[in-house]
Every structure is written in C-alpha cells, then in structure tokens.
Amino acid sequence: MKLYPLFADIAGRRVLVVGGGAVAARKVAALCAARACVRVGAPALSEDLRALAQRGEIDYRAGSFDTTWLDDAWLVVAATDDIETNRHVARAAQKRRLFVNVVDDAALSSFHVPAIIDRSPLIFAISTGGAAPMLGRWLRERLEVFIDHTVGTMAALLERKRPVIVARHRDLGARRKFYERLLDGRLWNWLRADDAIGAEREFNRVLQKEHSSNAGSVALVGAGPGDPGLLTLRALRVLNEADVILYDRLVSPQIIELARRDAARIEVGKASGDDHDATQNRIHALMLDHARKGSRVVRLKGGDPFVFGRGGEELEFLRAHDMAFEVVPGITAAVACAAYAGVPLTHRDHAQSVHFVTAHCKNSMDTLDWRALAQERQTLAIYMGVAQLATLRERLIAHGRSAQTPFALIENGSTSRQRVVAGTLDELHRLAISHEVKSPALLIVGEVASLAHTLAWFGDAPLGSRPVDLAA
Ligand code: SAH
C-alpha cells in the first residue's frame, strides 16, 4: 500500500490554500464544508472567493506566497497554476512537517484528496495513489449509482440507537446477529420513504425479536420495454440483491444478465395458447414458496408491472398470504415506444389526452367504450393489438374516427430490432400485413402519430405511407 488512508477532523483547524482561482475555490468550498478555518493566500481572488472573504468566512492574505502564511496551519493545499510557486509552497510546508497537497501533482504532495461519494455521515473515498485520478473519478460515478441514498440515514440511525442496541444485546455475537437481521430486513423501505415513525417502529420490532424469522420478501419490478438503459436505478439495486428472479418472456436477456450472478433465474412467461390462469397460479405459488423460505424474490415484468401486467393480482395474493412486498415501477411500452419512435403522446396542438388500452381478445374489445375512443384530438396507445388490427380499424372508423387519422405501429420498441410502420387508419391492417409486423408491438393512433416521420431519431425511418400534413 503506497498511501495510508485516513479521514481527518479539520473542524476549527487552520488550513492554508495557496491560489485564488477556480481550482482553489473548489478546494476551499470542500474545506469549509468540513468546517475548517480556511486561509487563502493569492495575489487576487476569483469572484466567489472574494465574496467569502468579504463575509469573513475565509482569512485572505493578498500577495505572493509568504512562509508566515503557514503559521498555525495543520494542512496546506497548493492550487496555483504556477509550478514554481507550488514547489515553493510544498518545500516550505514539508520543512514545517505540514501535510501538503499540490493539485494534480502527486510527486509534490504528501497527502492526496480522494474522489468521494458522500452519504454523510457515511463517506466512501477512492484513491488511485496518484496513478490515474481520472480512473478514480470514473469509478466514483459508477459507484455513485449503486449506493442507495438511504445508507447515510441508516448510519445516522444506528449511531443514535447504539446505546439501546448495546443495552439489549450485551453479548457481541448476539449484537452482530441483530445488525445482520436489521440490515437484511425491511427497515430500508421506511428510510427510503422518509417515514421516521415507521422506521422507529420497525427498528423496535427487530430489536425486541430474539431470533431471525428468516422472512423473505417479494419485489414486483418493472424492467421497462427492453433497452437495459431504461431500467431504473432502484430496479438495478433490487436485481443486485435478489436470490430468486421470476421473469416474463418479454424481459430482455441483457436485463436478466444484470442481476446478481448467483441468483436463481426462472422464466414464468405466458405464451399464447397456454392456460393463462394455470400459469398465473403457478407464478403466485412460486413467489410465495421462495419468499417463505427466506429468499428475496424479484418478480420481473416487462414495462411497468401495473400496466396490463396482472401485477395487482399478484400483490393481492401476497397480501392475502401476509407476505411483505414492494413495487418498483418501470417505463411502460407506450411511453418508451412513443419516445423511441418520435411520437409525443400529447401535444398542445394535436392531443390533450392519452388512453392506454388493451386489445387482447374479442371479449375485451366488446367492453371498450368505442365512442369515447374514436374522439378526435386524443391519442390511443393500444397494447397487445397485433392480432386485432382489422377489428380496431373497423370499430374506430365505425364510431366516427376519420379514416385519415395517422397511426404508428412500433415493433420491439427501444431495442436494436425496433421497426416503425406508419400510415393512416384506413391502411392499418394492410400495412401491418405487408410488413409482417409481429408481437410485441404497440399501436399509437391519433394526430400525433404523423410526427413519427419528422421526429424519428432511433433506428430506421418509419416504413409505410407518406406523412399526412398536420396543418392541413
Ligand atoms: N406491462 C407491460 C405491458 C404488458 S402487455 C408494459 O407496461 O409495457 C404486453 C404488450 O406490451 C405487448 O403485446 C405490446 O403491445 C406491448 N409491448 C411491451 N414491450 C414492447 C416493446 N418493446 N415494443 C412494443 N410493444 C411492447
């Protein structure tokens, strides 16, 4: 180990920063955040530093470096753009046995400033020992994404609760088990919701329990439309903690790959032709069995779990069996396909509302309010409609929608296989057949759909007929 890591308490201690520019200002801000008494020495100050000096928040020494600036300092930072000055400061500081950091110069520095992830009171510091500071920064950005913001709140809570924890569990072994139970448990959910009362109640519940009940849980997670980049950070974290993943056919393999390496992966997708209710019952049983054995189960669904995904039923089942759950929303197909096809679902000039509709089978088509759906200046986002395009076209026109209404049909939206077929309602069925559109595809009907021709940005330009002029 080339450097010895340490966290320094500089509150109320004098720190000298030599330099008055933007880099110095950044260093000063960080030092002030740690409540150091900062002295800044430089011939001139940047605007922010001048403001700090005027408010008396820093002690300003004007002029070129003078060794008396080092008096009563504990730490020194050289942040000028003049190498000679930096060298001079470094030498003078070393002579007085003061730790000195010269910005971007590992050789002259006796301490380095790490890249940090701040979840106060928790701080993660990354150092490459001066080998490659950019690599440290790059790594910091990636880790930032994985570290939940509530770890800081958890740390503060554990600090506050330490006396009661020690009183309850005097024995070190018991205490360690308690901490494991607490940290593997559901307290995080209350912290995340910023619910102090709920968190307190959960904390006390775990504190009073003798043994771990080994309680598992289920997270109902939306995987988005396919592009792994559209997964939420929360979904990614839950996937990283999963023991068992029950996923649908529509979830893309790249997303499954993001999950914890040793998680069990079970496909539970429904194919057309399956007995859907039997499959659904099997999913319910699998979720419950695995969670009862103590596993953290992720039930992973395409898009959003509450949009045409039977997510509601799965939660009702879990509630009825007293199993803990949480829900992580996902980007639903309508929102993603519209975005990736350049179709704004609403538009001040063309559509004031948007309807999410499923056209799963003849039965569900009969229960829809066609008069309302056929109104102008609104957008229909129709799921599971590929097999029903002829009926959809016929009913919308029969209930008054113009045959010239634009549509965009998006197949495999947001993935590398995305195709968009666009045209007018009249030609919907014919165009879909001639381009052999297959499920999964999302149908957008409404004035906004013609913008697919002008706003396309992802993949190939729309197939199908020429745009209709919206202004006409
Ligand atoms: N819960 C999902 C929808 C499940 S229903 C969601 O919120 O998106 C399945 C239907 O969603 C498909 O038949 C298709 O209409 C649509 N769909 C899902 N992913 C899609 C994709 N990548 N491209 C186009 N349509 C998609």
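View 1. Welcome to the ligand's surroundings: 19 residues surround it, with Asp304, Val307, Thr332, Gly413 and Ala441 the closest (a residue counts as near if one of its heavy atoms lies within 4 Å). This is a predicted model, in which local features need pLDDT of at least 70 and side-chain atom pairs pLDDT 80 or more, while totals for chains, interfaces and linings use all residues. Residues are numbered from 1 along each chain as its sequence is written, and side-chain values use heavy atoms, leaving out hydrogens and water. The shell around the ligand comprises twelve nonpolar residues, six polar and one charged (nonpolar: Ala, Val, Leu, Ile, Met, Phe, Trp, Tyr, Cys and Pro; charged: Asp, Glu, Lys and Arg; polar: the others, Gly among them).

View 2. An oxygen atom of the ligand lies 2.7 Å from a backbone N or O atom of alanine 441. Glycine 413 places a backbone N or O atom 2.8 Å from a ligand nitrogen atom, and a polar backbone atom of proline 225 is 3.0 Å from a nitrogen atom of the ligand. On its own the ligand exposes 540 Å², and the protein buries 92% of that (accessible areas by the Shrake-Rupley method with a 1.4 Å probe).

**View 3. The lining of the largest pocket.** Now meet the largest pocket, where 50 residues form the lining and Phe111, His112, Val113, Pro114 and Ile116 lie nearest the centre (on a 1 Å grid over the protein atoms alone, a pocket is an open set of points where a 1.4 Å probe fits, with protein on both sides within 12 Å along at least five of seven lines; lining residues have an atom within 4 Å of a point). The lining divides into 30 nonpolar, nine polar and eleven charged residues.

Definitions and conventions
Polar contact = N/O pair within 3.5 Å; in protein donor to acceptor, adjacent residues only side chain to side chain.
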